[in-house]
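Dear colleague,

I am handing over the structure we spoke about, and I would be glad if you looked through it before reading on. My notes follow below it.

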Amino acid sequence: MSETSSREEICRFGRSLFERGLTPGSSGNISIRLDDGGWLVTPTNASLGFLDPARLSRLDPSGRLQSGDPPTKEMPLHSALYAGRPADRAIVHLHSTHAVAVSMLPDTDPRDALPPLTPYYVMRCGCTAVIPYHRPGDPAVGDAIRGLGGRYSCVLLANHGPVVAGPTLEAAVFATEELEETAKLHLLLRGLNPRTLDASELRDLADHFDVKLAGRPSAP
Ligand SMILES: [Zn+2]
């Protein structure tokens with residue numbers, strides 16, 4: 001995909017996420033890894049609803065700003081997740097309400113934050129890790145993400161929001177949406193003893209799709 005198309009895609013998906021209330025105000029950020037090893041990143045203090053393709057931050061492979069506005073101060077999240085996942089080309093970070101809520105529950109498993117409620121959650125997200133709270137922009141959050149060793153494409157920052165990687169921006173956005181909807185279902189069903197997918201159903205999904213079940217205790 002050309003850099004021009006990538007710029008337009010970031011703005012189109014950003015607007016869609018913002019207009020559906022998935023990240024409020026100027027929260028959330030998006031990045032794409034370009035063919036030359038550099039990045040396109042949403043600028044600091046920019047609302048995802050009102051991005052300008054020409055003002056996106058263009059970084060070189062070492063992370064230096066080449067053109068556009070200064071990048072989001074949450075770039076360390078993106079760099080750390082990319083470092084462990086060389087095949088992924090896009091990352092979405094949102095402050096989406098239900099995922100943030102799940103990150104704050106005392107009984108959330110940090111290696112597997114959400115139960116396998118639906119096949120699409122399992123297929124698009126696999127498992128979701130939770131890392132402890134850090135101040136926004138704290139470089140230590142990168143160390144915590146690197147500590148996961150690239151096993152998770154979906155990471156929840158406690159009291160903050162999800163960070164999701166994918167091979168394309170579309171894949172990362174769809175996985176982020178699936179994570180948020182599953183978090184909403186999980187909260188709706190809390191205390192109601194819902195039926196989840198069992199081990200044989202998870203194995204069946206893994207046999208038919210490219211499913212990553214890192215961390216899940218009942219992984220096939
Ligand atoms: Zn954030």
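Does E177 count as buried or exposed, and what is its relative accessibility? In this predicted model, E177 counts as buried, at 18% relative accessibility, because the cut-off for that class is under 20%. Its side chain meets that of R20 in a salt bridge, at 2.5 Å from N to O, and this pair links distant parts of the chain, with E177 in helix α6 (residues 169-188) and R20 in the loop between α1 (3-19) and β1 (29-33), 157 residues apart. R20, for its part, is partly exposed, with a relative accessible area of 47%.

The count of salt bridges comes to 12. Among them, D69 pairs with R55, their closest N and O atoms being 2.9 Å apart, while E3, R7, D36 and R58 are joined in a network.

Turning to the metal site, the zinc ion has protein donors from E74, H93, H95 and H160, which lie 2.0 to 2.5 Å from it. E74 sits in the loop between β4 (65-67) and α2 (75-84) and H95 in the loop between β5 (90-93) and α3 (97-103), so this pair ties together parts that are 21 residues apart in sequence. E74 is buried, at 8% relative accessibility, whereas H95 is partly exposed, at 25%.

Finally, the largest nonpolar core has 20 residues, and L81, I131, I145, V155 and L157 have the most contacts inside it; α2 gives the most to this core, with 5 residues.

With best wishes

Terms used: Residues numbered from 1 in each chain as written. Predicted model: local features only at pLDDT ≥ 70, side-chain atom pairs only at ≥ 80, totals over all residues. Heavy atoms only, no water. Donors = N, O, S within 2.8 Å, 3.2 Å for Na, K, Ca; no water. Helix = DSSP H or I, 4+ residues; strand = E, 2+ residues; numbered from the N terminus. Buried < 20%, exposed > 50% of the residue type's maximum accessible area, 1.4 Å probe, protein only. Core = buried A, V, L, I, M, F, W, Y, C linked by side-chain atoms within 4.5 Å. Salt bridge = Lys/Arg side-chain N within 4 Å of Asp/Glu carboxyl O.
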